[in-house]
Amino acid sequence: VEAPVMSEEALQRAEAEILGSLDKSSDSVKVLRLAATAGEVDAQWALVQYCEQHMLPEEALEWARRASAQGFVKAHSWLGVHLDEGINCTANHVEAHRFYQLGAEAGDEVSMTNIATQYYKGQGTEPDIEKAIQWYERAAGKGVAQAMHRLGYIYQAGYPAEGMEAVPRSAGRVRPDLAKAVRWFEKAAEKSYPDSMFVLGSLLYEGVPSVLPPDQARAA
């Protein structure tokens, strides 16, 4: 069956209709599936959301893969997260890394943050603290508070942090740098990131020699 060519307005109307409907056999769903099968990437992405809402995980994964293959950035990130965490599918950190890479290189801040964490942990790829810091910094530059906090932690604890499993020398090393740590914690705290607010409060209460004078009023 040849799929109809859908105008942007018609496509948006169909998306809105199916996402608010519980009728899996509605005409809008059929039309959207035809458009998606014909390669309409917006229709493919709408079906990812629809299938998630209607408990169709395998179909959601398939449409996300098709959208990703066409360069749809949100699909890269979606696939990375689902494969990384095993959400309604078998976890595959290596494959998740590939999708995070696509998303990060396309400017997606979620992918940037998550690929940095993979490099930090050595999950789905070899550990590499330099690449982890680079991607965290790029995400932080886009305003991601979690990335700012992670940078603060890296410079507070050093790398590898105490308690981490054996990390090869090839992964690199970072010495603790409390001045840098405080700066990143402050940036994240300014965005009301709870973990950074807590850490910064603790540092302010005790003070950090040559970096942060005690300020119990601010700590409170």
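1. Helices here are DSSP runs of at least four residues, numbered from the N terminus. The model is predicted. Within helix H4, Arg-66 and Glu-62 are 4 residues apart, so about one helical turn separates them. The two form a salt bridge, with the closest N and O atoms 3.1 Å apart. Arg-66 is partly exposed at 33% relative accessibility. Glu-62 is also partly exposed, at 37%.

2. The structure holds 4 salt bridges. Another of them joins Glu-59 and Arg-33, at 2.8 Å from N to O. Glu-59 belongs to helix H4 and Arg-33 to helix H2 (residues 27–37), so this bridge ties together parts 26 residues apart in sequence. Glu-59 counts as partly exposed, at 24% relative accessibility. Arg-33 is partly exposed, with a value of 24%.

3. Helix H6 (residues 93–105) carries Glu-95 and Arg-98, 3 residues apart and so separated by about one helical turn. Their side chains meet in a salt bridge of 3.8 Å, N to O. Glu-95 is buried at 18% relative accessibility, whereas Arg-98 is partly exposed at 43%. A network of salt bridges links Arg-65, Glu-95 and Arg-98.

4. Arg-98 also has its charged end over the ring of Phe-99, 4.4 Å from the ring centre. Arg-150 lies over the face of Tyr-120, at 4.8 Å from the ring centre.

5. There are 2 aromatic pairs. In one, the ring centres of Trp-45 and Phe-72 are 5.5 Å apart and the planes meet at 40°, so the pair is tilted. Trp-45 sits in helix H3 (residues 41–53), and Phe-72 in the loop between helices H4 and H5, 27 residues apart. Both Trp-45 and Phe-72 are buried.

Technical notes: Residues numbered from 1 in each chain as written. Predicted model: local features only at pLDDT ≥ 70, side-chain atom pairs only at ≥ 80, totals over all residues. Heavy atoms only, no water. Phe/Tyr/Trp six-rings, centres within 6.5 Å; stacked < 30°, edge-to-face > 60°. Helix = DSSP H or I, 4+ residues; strand = E, 2+ residues; numbered from the N terminus. Buried < 20%, exposed > 50% of the residue type's maximum accessible area, 1.4 Å probe, protein only. Lys NZ or Arg CZ within 6 Å of the ring centre and 35° of its normal.
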